[in-house]
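Work through the exercises below with the sequence and the model open. Each task is followed by its solution.

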Amino acid sequence: MKRRRKINGPFVPLPLAILDAPAWRAMDFIARALWIELRRKLRHGGLNNGKIFLSCRDAEKIGANKDTIARRFVELEHYGFLRKTSEGFLGLDGRGIAPHYRFTDLAHGAHPPTRDFETWDGKPFVYVPRRASRKQIPVLSGRTPRIVSSDIRTAPGEGSVCIVPSDIGGASKCPVPSDISRLPLPAAGEAQIQGSSTVRAPAQAGGAGSSPAPVAKPDLTTMVLDIVTAQVNELESRRRGAAA
């Protein structure tokens, strides 16, 4: 009876259909190593296909920097060995989540394998960097004042230097006659009479003018004494009339 050869420990199978594919041979060797590194994360039976992820920093163990790894991910998609199932994002805890991929030579859930590498059109991979994010439109110089190039001084052999006091606008000037309202000014001599507290103009009946001089208030004590005296005199006169 022939014995089966047994491999001790886990291993990463590499099907001959992939090795013989023209897309595999046209691919960069770092992309091949990255595919093998991703294949290590595949569970038995491919149950987690579509949820395979590997950050660029963790993939540096294959001997390439993170920027090269990012380009090789795109190359694997170009040749049809990988397909992205979800984009990377920043988690709630502030930690980044790497994109998730699926192997096209394996089933993904209820979907059969697509084997996109077999339909490669023969075009070589050319990396195109992502379009930079749109920059904010600068504020127009006619709307918001800002420093112009002529206001920035440069020292010999050095870069730009700080703004000097001469570059800063001066303080606002004193009011000019055009800023003062055109109200009629008092005639000569009227200002003293109008502002005096001792001089009073005589009151005129039915006419406008200054208020009359204040009248002295009556003394309450004198008023009470007059009333009491009048009552005492009245009682004394009644008593005399009754005695007669």
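Helices (H or I, at least four residues) and strands (E, at least two) are DSSP runs, numbered from the N terminus. Residues are numbered from 1 along each chain as its sequence is written. This is a predicted model, in which local features need pLDDT of at least 70 and side-chain atom pairs count only at pLDDT 80 or more, while totals for chains, interfaces and linings use all residues; side-chain values use heavy atoms, without hydrogens and water.

**Exercise 1.** State the mean pLDDT of the chain.

Solution. pLDDT is the predictor's confidence in each residue, from 0 to 100. Its mean over the chain is 78, and 63% of the residues reach 70 or more.

**Exercise 2.** Locate E236 and R239 and describe their pairing.

Solution. Step 1: both residues lie in helix α6 (residues 220–243), 3 residues apart, about one turn of the helix. Step 2: they form a salt bridge (a side-chain nitrogen of Lys or Arg within 4 Å of a carboxyl oxygen of Asp or Glu), with the closest N and O atoms 2.2 Å apart. Step 3: salt bridges with shared partners join E236, R239 and R240 into one network.

**Exercise 3.** Which parts does the salt bridge between D116 and R83 tie together?

Solution. Step 1: the closest N and O atoms of D116 and R83 are 3.1 Å apart. Step 2: D116 lies in the loop between β4 (100–103) and α5 (190–195) and R83 in strand β1 (residues 82–86), so the pair ties together parts 33 residues apart in sequence. Step 3: buried means under 20% relative accessible area, exposed over 50%, partly exposed in between (1.4 Å probe, protein chains only). D116, at 18%, is buried, and R83, at 26%, is partly exposed.
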